[in-house]
Amino acid sequence: MAQTTGERYRVAPVHRRSREWPFPLNLYQTAVGRKWVMALTGIGLIGFVLAHMVGNLHVYEGPARMHEYAESLRTIGGGLVPKSAVLWLLRLGLLSMFVLHLHSAISLSRMSRASSEDAGLVSGAKRYAGGREHVAATYASRTMRWTGPIIALFILYHLADLTWGWWLGDDFVAGDPYHNVSTSLSALPVAILYIVANVALAFHIFHGAWSMFQSLGINNPRYNHLRRGLATLLAGLILVGNLSFPILTQAGLIDEDNRTCPIGEVEGNTCLAEEAEGHQG
Amino acid sequence: MSGSHGETINVTLKVWRQTSADAPGGFETHQQAISTDASFLEMLDLLNEELNAAGKEPIAFESDCREGICGTCGVMINGRAHGPQKATATCQLHMREFADDDEIVIEPFRATGFPVIRDLAVDRSPLDAIIEAGGYISVNTGAASDANLTPVPKAAADQAFDAAACIGCGACVAACPNSAAQLFTSAKIGHLGLLPQGQAERWSRTEAMVETMEEFFGSCTNHGECTEACPKEISLDFIALMNRDYMKAKVKNRGLAGQH
């Protein structure tokens with residue numbers, strides 16, 4: 001609101017500056033600094049998603065190799081560290097990246113919302129009474145605030161589904177991801193949920209992986225044309241890889257028809273481990 | 001256009017009317033017959049003359065040089081800042097861009113940091129506050145120094161000139177879905193930060209201008225709407241440069257715990 005007062009500015013500031021924290025924490029007090037955090041955590045999260053997708057391709061090698069892959073994640077660091085110690089450190093890092101990515105996103109959306117209040121808001125973006133035309137903004141960039149929450153909710157579902165085994169109940173066998181994946185994704189609604197969430201993820205990465213270059217100030221006229229291509233490639237790779245799991249399970253490619261080992265945490269997993277050994281030997 | 005006469009078109013104008021920042025606003029519809037040779041603002045001038053003659057309050061809008069270099073004019077035309085023509089300020093937009101029977105919606109630039117003064121005029125003084133925070137260089141000598149005393153590399157001169165083309169109209173803020181002022185601020189920071197004369201205050205300037213900007217405006221999400229709306233086609237590259245310089249500035253200007 002316009003105010004002609006003895007204050008510093010003619011128009012009252014929308015956001016109040018708070019007392020500055022010591023370096024480097026003060027970086028997080030500013031929007032530009034927060035965008036750095038969002039970009040850096042985004043890089044980490046894309047790295048995780050990519051590794052997660054590539055690792056899961058082991059499912060196409062059968063239950064034994066999948067079991068071996070899952071087991072080797074727990075034994076990163078070998079005999080040097082307690083079992084699962086490195087995995088837990090990675091999980092902790094991943095969790096903090098999620099928290100920072102989410103917090104910066106939510107707080108910056110709120111900042112933009114307050115900066116556009118008088119213009120009215122529709123789906124988190126500024127609105128004009130007579131409508132407006134988007135020229136440069138892509139569908140992906142305008143839906144970041146929707147694809148983000150969809151992904152966050154999906155991750156919770158995904159953890160409950162395949163890490164904690166809440167929905168599978170007695171069908172869930174710890175240490176036998178092949179069995180869990182093929183059981184869970186053979187239900188059509190679950191497969192559709194995974195497909196929807198991964199399409200949202202691809203849209204999110206399509207904008208995010210381009211946007212992070214700008215946020216981090218990585219801009220060189222010689223290479224700028226590659227940034228959009230890289231984002232498209234990343235989004236495409238992750239989309240194709242991740243969609244293959246629900247689609248091929250529904251198509252019957254990931255099933256347990258040819259399974260030789262029994263299903264169960266003790267004898268089943270021992271058998272899978274032996275089978276994997278056998279493959280290598 | 002020597003000798004040629006434009007045709008006359010009839011347009012329906014839906015113009016935003018609002019008596020003050022706190023008063024509710026709404027659209028008012030007018031029919032206007034206008035030559036396609038007329039500029040957009042000339043059309044509003046003619047409409048205002050008619051309103052005046054009829055004893056009605058004319059539509060408040062801002063303009064000054066009317067040759068696209070001062071940055072005073074600027075309205076949303078059919079949902080686009082400065083209207084449909086690329087790289088053109090509102091004053092340089094002509095009615096030949098429109099067709100007979102077109103409906104033209106005219107709204108003020110909108111952002112919380114741009115409160116409406118009246119009708120289509122908004123208070124863009126937050127942009128001045130950003131300039132006051134550091135958009136200058138200090139030359140502490142007696143008389144002005146000779147021109148060309150400081151050699152400027154060609155590449156730096158070209159880029160700085162591209163940034164200096166910013167006329168400060170605020171279309172970037174108006175077009176931004178987040179009401180962010182990144183393009184304006186980065187053009188000003190880039191303009192001075194690329195030149196030798198701007199080096200002494202480069203880091204204090206970047207920090208002060210960015211933080212003043214953040215008192216009024218939203219957070220950039222790299223949509224790219226600003227560059228499209230910009231009558232001077234300022235590049236998004238300057239936003240990246242600002243983001244890089246800001247981080248460097250915070251590191252250079254850092255105060256550790258207890259040093260504040």
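Two residues are said to be in contact if their C-beta atoms, placed from the backbone, lie within 7 Å. Helices (H or I, at least four residues) and strands (E, at least two) are DSSP runs, numbered from the N terminus.

The structure described here is a predicted model, in which local features need pLDDT of at least 70 and side-chain atom pairs count only at pLDDT 80 or more, while totals for chains, interfaces and linings use all residues. Residues are numbered from 1 along each chain as its sequence is written, and chains are lettered from A and ligands numbered from 1 in the order in which they are written.

**Chain A**

Chain A contains nine helices and two strands. Read from the N terminus, its elements follow the order α-α-α-β-β-α-α-α-α-α-α. The C-alpha trace of chain A spans about 80 × 45 × 45 Å along its principal axes.

P24(A) belongs to the segment before helix 1 of chain A.

Two packed helices are described by the angle between their axes and the distance between the axes. Axes here are lines fitted to C-alpha atoms, for helices over the stretch in contact, and angles run from 0 to 180 degrees between N-to-C directions.

| Helix pair | Angle | Axis distance |
|---|---|---|
| Helix 1 (residues 31–56) and helix 7 (residues 188–215) of chain A | about 130° | 9 Å apart |
| Helix 6 (residues 177–185) and helix 8 (residues 224–250) of chain A | roughly 70° | within 9 Å |

Angles under 35 degrees count as roughly parallel, over 145 as roughly antiparallel, 65 to 115 as roughly perpendicular and the rest as oblique. With helix 1 and helix 7 of chain A at an angle of about 130°, helix 1 of chain A is therefore oblique to helix 7 of chain A. The crossing of these two helices is left-handed (the near helix is turned anticlockwise from the far one by less than a right angle; clockwise would be right-handed). Helix 1 of chain A contributes K35(A), W36(A), M38(A), A39(A), G42(A), I43(A) and I46(A) to the contact, and helix 7 of chain A contributes I205(A), G208(A), A209(A), M212(A) and S215(A). By class, this contact of helix 1 with helix 7 of chain A has eight nonpolar, three polar and one charged residues. In this classification Ala, Val, Leu, Ile, Met, Phe, Trp, Tyr, Cys and Pro count as nonpolar, Asp, Glu, Lys and Arg as charged, and the others, Gly among them, as polar.

Helix 6 and helix 8 of chain A, by contrast, are roughly perpendicular to each other. Here V181(A), S182(A) and L185(A) of helix 6 of chain A meet F245(A), P246(A) and T249(A) of helix 8 of chain A. The residues of this contact of helix 6 with helix 8 of chain A divide into four nonpolar, two polar and no charged.

**Chain B**

Chain B is divided into domain 1 (8–117) and domain 2 (124–252), with bounds that come from an automatic or database domain assignment. The C-alpha centres of the two domains of chain B lie 29 Å apart. In chain B, 18 residues of domain 1 are in contact with 16 residues of domain 2. On the domain 1 side of chain B, the touching residues comprise nine nonpolar, seven polar and two charged.

Chain B has an open sheet of five strands in the order 2-1-5-3-4, with mixed pairing. Strand 2 and strand 4 (80–81) of chain B stand at the edges, each with a single partner strand, so one side of each is left without a neighbour in the sheet. Two strands count as paired if DSSP finds at least two bridges between them.

Strand 1 (residues 8–17) and strand 2 (residues 26–35) of chain B are antiparallel and share ten bridges; K14(B) has T29(B) of strand 2 as its bridge partner. Strand 1 and strand 5 of chain B pair in the parallel sense over four bridges, with T12(B) opposite E103(B) in strand 5. Strand 3 (residues 76–77) and strand 4 of chain B run antiparallel, joined by two bridges, and I77(B) has R80(B) as its bridge partner. In the loop between strand 3 and strand 4 of chain B lies N78(B), which has a positive phi of about 50° although it is not a glycine.

**Between the chains**

The contact takes 55 residues from chain B and 49 residues from chain A. Helix 8 of chain B provides the largest share of the side of chain B that touches chain A, nine residues. By class, that side of chain B has 23 nonpolar, 17 polar and 15 charged residues.
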